[in-house]
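Subject: Structure handover and findings

Dear colleague,

My notes on what was found in it follow directly after.

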Amino acid sequence: MKEDFWRETGLSESEYELIKEILQREPNEVELGIFGAMWSEHCSYKHSRNVLKQFPTSAPWVLQGPGENAGVIDIGDGQAVAFKLESHNHPSAIEPYQGAATGVGGIMRDIFTMGARPIASLNSLRFGSLKSKKTRYLFRGVVSGIAGYGNCLGVPTVAGEVYFHPSYEDNCLVNAMGIGLMNHEDLAKGLAHGPGNPVFIVGARTGRDGINGASFASEELNDATKEKRPAVQAGDPFMEKLLMEACLEVIKTGFVVGMQDMGAAGIISSSCEMAARAGTGMEMDLAKAPRREEGMNAYEMLLSESQERMLLVVQKGKEQAVQDIFAKWDIEATLVGQVTSDGLMTFREGEEIVAQVPAKALTEMCPRYDPEAKEPEYLAQAQGYDLATLPEMEDYGKILLTLLATPTIASKEWVYRQFDYMAGTNTVVGPGSDAAVIRLKGYNKGIAVTVDGNSRYVYLDPYRGGQIAVAEAARNIVCAGGRPLAITDCLNFGNPEKPEIFWQLKEAVAGMSEACHELETPVVGGNVSLYNETKGEAIYPTPVVGAVGLVEDLAHVTTLGFKQEDDIIILLGLTKDELGASSYLSVIHGLEAGKSPEINLELEKQVQQATLELIKKGLALSAHDCSEGGLAVALAECCIAGKIGAEVALTDNIRPSSILFGETQSRIVISINKSKIDLVLQELKKLQVPYKVLGSVGGNTLNIAGSGWKVNVELAEMVEKYQEAIACLMKG
Amino acid sequence: MKFGIVVFPGSNCEADCDYLVDKILQEQATYLWHADKDLKGVDCIILPGGYSYGNYLRAGSIARYAPIMEEVMAFAEKGGLVLGICNGFQILTEAGLLPGAIIKNRSLRFQCENTLLRVEQTNTPFTNACTQHEVVKIPIAHEEGAYVADKETLERLEKEGRIVFRYCNEQSEITPEANPNGSLNNIAGIMNVQGNVLGMMPHPERCAEAILGGVDGEKIFRSILAWWQGGAGR
């Protein structure tokens, strides 16, 4: 076969040789295309799988770990939650609206494929600077794409995060998280069991959109990338809504053997993954598959990434019952083949066999790589920066206002106002809090959900950055009144074939794994997005963590805002002289240097447990995690959300900039009723958690007094800076 | 009392309405399928929010041709109570049961937020549990929510007291700043001449429980119940 053809599919020479060995012959062009897609990083995880093995994935409450369409955890009362985080970065960088919209569509299919009704959507976004016109174009398009798709589906978008940093200028990140609710007995899996069982293609017709999307997602972006626009799919949320209702109804019949979303690499990936998992094969007549246009060849049919399609294996004899339900929802369900016992994927066009490969050759037999890992050169220098030499800027009030108006820290109302975050009438706490809370109808309980990831920490120390990403997500859940149960992750990195990038990935995953062990939050699913580079420049390493927790009693639901005059403000945790990797350094000094904050997972656990304990006893009236911008920004956010001022004294014997803006981990600001102070302090002593009573709630300014310095900022001014920053920049 | 909630392909607030009727009002609720022609003997029809038929072409423009809509129109003509919420309001204007039209928000973006409404009419089946000029907090969630009509229609609506809700501020003043979407005369909800059909862009079913941040929406449904119990149901 011509070398340029197999190269074009993204395969290496050794991979091509391996394919010949597996097949005992030369593959034809269709087969080669299939291997190219299935052995792409996006589908095979060939560079990351060995690293990902470190993640703890089990716990008594885990019903389904990684490897399925979504992870599933038990939340009691016979109910379970399915959730997963997934990237749609490259498509969004090329065509922001459709890229983001289909990202939402894809993750929602992953959820309802498991038999769960989607009840919430979250997203984690990264863009370049809002001062750039291109970023504003991408940001606007991505937000409206998420809104356009999610709102139409009627799934509330309840939480998210947005960071702006120059490293994402040409390679924005769009990670979408779906959350679904189901009864245990409705759990469906992507398994093609039972030779002879019929196979259906359901939903939208197959067109030429998105062909080679998986390969496209597994290479760096460059000048030629805009020519890849055809590799971006277009979404139809209305079709998805009907497909969702129909699939959930079909699952209830019990006639479904297995079901899988057609995501990356469409028909081929869904069919071979279902067969490989079940140890079966499948034969399919592509001529029967409904298509949008005539003249599509087998290669195009197999690799198209047309949206809103599912592959279903149904019990033999139940074909009509299943088709009737799809017909009721005006959804096409076409019988295209059957499960076989030979372990082969056999694709025909009428009588002619166009491709035949073992199912496992496409999945398990994909080679795995342990690329070389090497600490990047920038690191020693950046970490070694002597922060003691930094001048102490004294206008702390002004600095606080500047930080509040920094897009990464400022209110994201401009974003979430475009999302229907109330649909479903379950949103007890919506966007703008540490974690959102969704109540579960029929029970006095709910789930807390959040998504988090600070890439500056990872850039300056991937191991710690990984630990912090997990710890902070769990901390957010606790602040909302939930007990963290499990996480999903999306690992957004550069090209893993570069040793420095692979080192970042390896270290970050190791850090995340340790935190998951310690905090007892197993990883139940997720996704890897590598090759996030433009013209050879990688993004900051960005592991994003989505976490789910259980709010055992809705009375535990807690928000960040201070509640009333005279309440006492307490800081749980310790404040250290740590300015490294802080927003303060970046925004005020233009420096991304120093060491990322340390994290002691034992202390982290104590602080989280103490907070949850106080919340459950009804003692903590508000709770907020200290993150970007440090304690001063955390206090300001508590004031802004509560529409009330505060008076605090910060007496630590370290420099004021560290006290105010340092990002020491494992700290939570709570407020309590004045009359409960003795009780609370007793509890905290009993729990042996470090704390400091900072002051009290009240007035309409935030007054912070230190030894020999002070900050006095009007609430109204903070609100203005915080609320209007992004809207203002978007007018530019 | 029996409420019928119409389900079009793409409706997405029907379950929220069902929950409210069933669990909060503790009355009967049943779904009415778009392709059916049977109203199942309901006493009030709710056209819920969502994206009927994807809102393709124009919000509500395809739904008005659904088989069930003929029955809904006949029901309304006979004086039956019909409440259109958000997409339901859009469908009612497309069907001609209410005058005017609903176009894209002034911002050209989807907006989800709480709004304050001044109750302009209380002698209606939908607002009799409110007091005159009471300010209620009910959220909106729409991209196409700006109510427009020609001058004569607006004058008629004003004169006949058919504007039921207007967007207002906390002082119950009707100001441009309080208008979230650019609706003419700050209109958030109107009714037909007979007063048995109400269309409103805000979602009362989303704020009928304290845990969701507000209970004002329940007043709309309590009003319907009281009206029906007080006369129509006899």
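To begin with helix 26 of chain A, its 16 residues (715-730) should span 22 Å at 1.5 Å a residue, and its end C-alpha atoms are 24 Å apart, which agrees. Please keep in mind throughout that this is a predicted model.

Turning to the contact between the chains, 23 residues of chain A are in contact with 22 residues of chain B. On the side of chain A that touches chain B, helix 8 (133-153) and helix 10 (237-253) of chain A each supply at least two residues, and the largest share, 5 residues, comes from helix 8 of chain A.

Helix 8 of chain A has 21 residues and reaches 30 Å from its first C-alpha to its last, close to the 30 Å expected at 1.5 Å a residue. Of those 21 residues, 15 are buried, so helix 8 of chain A is largely enclosed by the rest of the structure. The residue that follows helix 8 of chain A is Gly154(A), and its phi is positive, near 80 degrees.

How many of the residues of strand 5 (residues 157-164) of chain A are buried? The count is 8 of the 8, and strand 5 of chain A is therefore largely enclosed by the rest of the structure. Strand 5 of chain A runs parallel to strand 4 (residues 117-127) of chain A, with 7 bridges joining the two, and among the residues involved, Arg126(A) has Tyr163(A) in strand 5 of chain A as its bridge partner. The chain passes from strand 4 of chain A through helix 8 of chain A to strand 5 of chain A, in a β-α-β crossover that is right-handed.

Elsewhere in chain A, strand 11 (residues 333-340) is joined by 5 bridges to strand 7 (residues 198-203), and the two run antiparallel; here Val202(A) has Ala333(A) as its bridge partner. Strand 11 of chain A is also joined to strand 9 (residues 281-285) of chain A, again antiparallel, by 4 bridges, with Met282(A) standing opposite Val339(A).

In chain B, strand 4 (residues 81-85) is mostly covered, since 5 of its 5 residues are buried. In a regular strand the side chains alternate between the two faces of the sheet. Both faces of strand 4 of chain B are covered, with Leu81(B), Leu83(B) and Ile85(B) buried on one side and Val82(B) and Gly84(B) buried on the other.

Strand 4 of chain B pairs in the parallel sense with strand 3 (residues 44-47) of chain B over 4 bridges, where Ile45(B) stands opposite Val82(B). The chain crosses from strand 3 of chain B to strand 4 of chain B through helix 2 (residues 67-77) of chain B, and this β-α-β crossover is right-handed. Strand 4 of chain B also pairs in the parallel sense with strand 11 (residues 197-200) of chain B over 4 bridges, and Leu83(B) has Leu198(B) as its bridge partner there.

With best regards

Key:
Residues are numbered from 1 along each chain as its sequence is written. Chains are lettered from A and ligands numbered from 1 in the order in which they are written. This is a predicted model: local features need pLDDT of at least 70, side-chain atom pairs count only at pLDDT 80 or more; totals for chains, interfaces and linings use all residues. The expected span of a helix is 1.5 Å times one less than its number of residues. Two residues are in contact if their C-beta atoms, placed from the backbone, lie within 7 Å. A residue is buried if 20 or more other C-beta atoms lie within 10 Å of its own, exposed if 12 or fewer, and partly exposed in between; C-beta atoms are placed from the backbone. Two strands pair if DSSP finds at least two bridges between them. A crossover is right-handed if, with the strands pointing away from the viewer, the path from the first strand over the helix to the second runs clockwise.
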